[in-house]
Amino acid sequence: MITEEIVKTETSNNPVLRTMFEMGHEEVLFCNDKATGLKAIIAVHNTTLGPALGGTRMWPYKNEAEAIEDVLRLSRGMTYKAAISGLNLGGGKAVIIGDARKDKTEALLRRFGKFVDDLGGKYITAEDVGMTSKDMEYIHMHTNHVSGLPEHIGGSGNPSPVTAYGVYMGMKASAKHVYGHDSLEGKTILVQGCGSVGQNLIGYLVKENAKVLVTDIYEDKLKETVDQFGVEAVDPHNFFDLNFDIYAPCALGGTVNDASIAKMTCKIVAGAANNQLKIEDVHAKALIEKGIVYAPDFLINAGGLINVYSEIMGNYKREVAMQKTEHIYDVTIEILKKSASENMTTLQAAKNLAEKRISDIGNLNIPFSGRR
Ligand code: NAD
């Protein structure tokens, strides 16, 4: 009989399996297809509440280890995100190793779709960084386990506007907690990453007369954003030297770390990027010590997930998804209050809420009926 103890001992030298055990992943699928050049990893973290739904990210990772770390952390974040948002979904994520601007082809996406299908519905994919609704259409040619499909084929389209609305709600709730009112008028807000979510968020902030500073590693994205919204562009490498009230990370994870926290003068971190804290517990505490309020990423960036969940439920209506996303404001207030009153990080308060739901529903021991 193979006990967990034996398996743990046998695999203790394998960093991937060790991390899987530590983080509690159920399954990780490594995908390789020579003909199309596809190298992908699909991670299913937890399916207690339902099928593991999470986007596919295409990114030119420096090496496989970086991609593995990303997919393992991102998929666990999706478990928390679905749970805290009250959705009957588990957490999963996929990464494709490659440059979306150069390496993405129809054949590669369709081959990836077949790998998703091989998981038999345990994992449902959607967009993430480097992917579009059109890409989901190619993936859909080989699997039904895909969401965020274009509207013209009955899907919910790009989820980013809904994600941005949720981030905006979370940011306003954080402002209410810090300043006593939730108006962002006159606040200086730095948005890092002028992609799909970043640009939609900037739209809300500009409308509310915030002073918005923007940055991106791609010059064309930066120019497009400045031209469209009349905001100010700043250097993507040195912006933590600047003074701003709110930092909205909307690019990749890990930007809240020792170096950035040392320079931060802002009062709030509230953005769309997943895994913003480089080392979760360490940097959640470091932010508190500096008097900076952190709105947990998996809580406030859940709008996109709420949106694609509405799509797979059928009878999709964007207004309904937006209404449900608005609830992020109330949950953020609840988490920030709990963190302050119980002297714990906002991250811990949010994780506790998510974990309680997973445990309560898991303990019911009633097989999932498929009704979502
Ligand atoms: P996107 O690919 O459209 O945009 C990301 C942008 O960030 C790009 O313009 C890219 O050039 C820029 N960028 C990358 N590294 C950067 C850096 N170091 N400095 C400055 N800019 C940088 O992606 P998106 O869909 O807007 O998602 C943004 C973030 O939000 C991601 O972390 C994603 O996982 C997360 N997120 C997105 C959604 C969604 O609905 N799209 C939902 C939840 C979370």
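**Ligand shell and parallel sheet**

An oxygen atom of the ligand lies 2.9 Å from a backbone N or O atom of valine 197, a polar contact being a pair of N or O atoms within 3.5 Å, where pairs within protein also require that one atom be able to donate a hydrogen and the other to accept it, and where residues adjacent in sequence count only if both atoms are side-chain atoms. Taken alone, the ligand exposes 820 Å², of which the protein buries 87%; accessible areas come from the Shrake-Rupley method with a 1.4 Å probe, and for residues only the protein chains shown count as cover. The model is predicted, with local features requiring pLDDT of at least 70 and side-chain atom pairs counted only at pLDDT 80 or more, while totals for chains, interfaces and linings use all residues. Residues are numbered from 1 along each chain as its sequence is written, and side-chain values use heavy atoms, with hydrogens and water left out.

In total, 25 residues surround the ligand, the closest being Arg57, Asp128, Thr163, Asp216 and Ala251, where a residue is near a molecule or strand if one of its heavy atoms lies within 4 Å of it. By class, this shell has 11 nonpolar, 9 polar and 5 charged residues, with Ala, Val, Leu, Ile, Met, Phe, Trp, Tyr, Cys and Pro counted as nonpolar, Asp, Glu, Lys and Arg as charged, and the others, Gly among them, as polar. At least two shell residues are supplied by each of β4 (56-59), α6 (160-179) and α7 (196-207); helices (H or I, at least four residues) and strands (E, at least two) are DSSP runs numbered from the N terminus.

Strands β7 (residues 188-192) and β10 (residues 246-249) run parallel and are joined by 4 bridges, and glutamine 192 has proline 249 as its bridge partner in β10.

Two residues other than glycine have a positive phi: asparagine 209, at about 60°, is placed in the loop between α7 and β8, and asparagine 275, near 55°, is found in the loop between β11 (268-269) and α10 (280-289).

Notes:
Two strands pair if DSSP finds at least two bridges between them.
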